Amino acid sequence: KCPFTGNVAIRGRILRGVVTSTKMNRTIIIRRDYLRYVTKYNRYEKRHHNIAAHMSPAFVGVKPGDVATVGQCRPLSKTVRFNVLSFEPQNIQGLQKKKQFRIF
């Protein structure tokens, strides 16, 4: 299931998001925040989506709060359709990491 050593092709979308959970075995949850415009009030509302992504054992040290880049691939399980391509460690001290709204 690894895009680097296995037979999984990355095709489709390339997305970025904040890692929120690394509790599963070789799977992480990524939170993508975005703004939706509401015409009635001429304002934006905050929304988010959680994406499950397969993380290769080659990636070591991924923690909640890091920014990950994922690529779309074939369905790997019931909920996993993305593969981790890279991640950037973030040094956030003292802030709430899980539900902080960040746009990329």
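Q: Which residues does Asn83 touch, leaving aside residues up to four places away in sequence?
A: Lys1, Pro3, Val8, Ile10, His54, Thr69, Val70, Gly71, Cys73 and Leu76; touching here means a contact, with heavy atoms within 4.5 Å. Keep in mind that this is a predicted model, where local features need pLDDT of at least 70, side-chain atom pairs count only at pLDDT 80 or more, and totals for chains, interfaces and linings use all residues. Residues are numbered from 1 along each chain as its sequence is written, and side-chain values use heavy atoms, with hydrogens and water left out.

Q: Why is Asn83 called buried?
A: Buried means under 20% relative accessible area, exposed means over 50%, and partly exposed is in between (1.4 Å probe, protein chains only). Asn83 has a relative accessible area of 0%, so the buried label applies.

Q: What makes the pair of Lys1 and Asn83 a polar contact?
A: A polar contact is a pair of N or O atoms within 3.5 Å; within protein, one must be able to donate a hydrogen and the other to accept it, and residues adjacent in sequence count only if both atoms are side-chain atoms.

Q: What about His54: buried or exposed?
A: His54 sits at 10% relative accessibility, so it counts as buried. His54 belongs to strand β3, residues 43-54, and its side chain reaches the backbone oxygen of Arg26 at 3.2 Å. Among the residues that His54 touches are Lys1, Arg26, Leu76 and Asn83.

Q: Why is Arg26 called partly exposed?
A: Its relative accessibility is 47%, so Arg26 gets the in-between label. Arg26 is in the loop between β1 (14-24) and β2 (27-38), and its phi is near 60°, a positive value in a residue other than glycine.

Q: And what makes Asn42 exposed?
A: Asn42 has a relative accessible area of 56%, so it clears the exposed cut-off. Asn42 lies in the loop between β2 and β3 and has a positive phi of about 55° although it is not a glycine.

Q: What makes Arg36, Glu45 and Arg47 a network?
A: They are linked by salt bridges. Glu45 pairs with Arg36, the closest N and O atoms being 2.8 Å apart, and with Arg47, where that distance is 2.9 Å. Arg36 counts as partly exposed at 39%, Glu45 at 27% and Arg47 at 35%. Searching the whole structure turns up 4 salt bridges.

Conventions: Helix = DSSP H or I, 4+ residues; strand = E, 2+ residues; numbered from the N terminus. Salt bridge = Lys/Arg side-chain N within 4 Å of Asp/Glu carboxyl O.
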